Amino acid sequence: MPDPIQTAQDAALAAIARLADAGHRQANEHAHALDALRAENEALRRQNAALRAMLADVDPDGIAPVDTDAP
């Protein structure tokens, strides 16, 4: 007859191992999602910088481009 304490300990260790595996998988998924968000953030920063550069050529009222060749 199997030892009931050993059987319970084995079952508990197996459950802990499953939880650890699930936790590692979830952490890995979160790391990939974070990498994707960082890449998207960097793309938005570049887009923002480009838009700010375009706005630098607009008059203070934001209506028309400034004529940089005017005297």
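Trainee: What is the relative accessible area of His 24?

Mentor: His 24 counts as exposed, where exposed means over 50% relative accessible area, buried under 20% and partly exposed in between (1.4 Å probe, protein chains only). This is a predicted model: local features need pLDDT of at least 70, side-chain atom pairs count only at pLDDT 80 or more, and totals for chains, interfaces and linings use all residues. Residues are numbered from 1 along each chain as its sequence is written, and side-chain values use heavy atoms, leaving out hydrogens and water. For His 24 the relative accessible area is 57%.

Trainee: Which residue's backbone oxygen does the side chain of His 24 reach?

Mentor: His 24 lies in helix H1, a helix being a DSSP run (H or I) of at least four residues, numbered from the N terminus. At 2.8 Å, its side chain reaches the backbone oxygen of Ala 20.

Trainee: Which residue forms a salt bridge with Arg 46?

Mentor: A salt bridge needs a side-chain nitrogen of Lys or Arg within 4 Å of a carboxyl oxygen of Asp or Glu. Here the closest N and O atoms are 3.6 Å apart. Arg 46 pairs with Glu 42.

Trainee: What share of the protein chain's residues is buried?

Mentor: The chain has 71 residues, with 1 helix and 0 strands. The buried share is 0%.

Conventions. Helices (H or I, at least four residues) and strands (E, at least two) are DSSP runs, numbered from the N terminus. A polar contact is a pair of N or O atoms within 3.5 Å; within protein, one must be able to donate a hydrogen and the other to accept it, and residues adjacent in sequence count only if both atoms are side-chain atoms.
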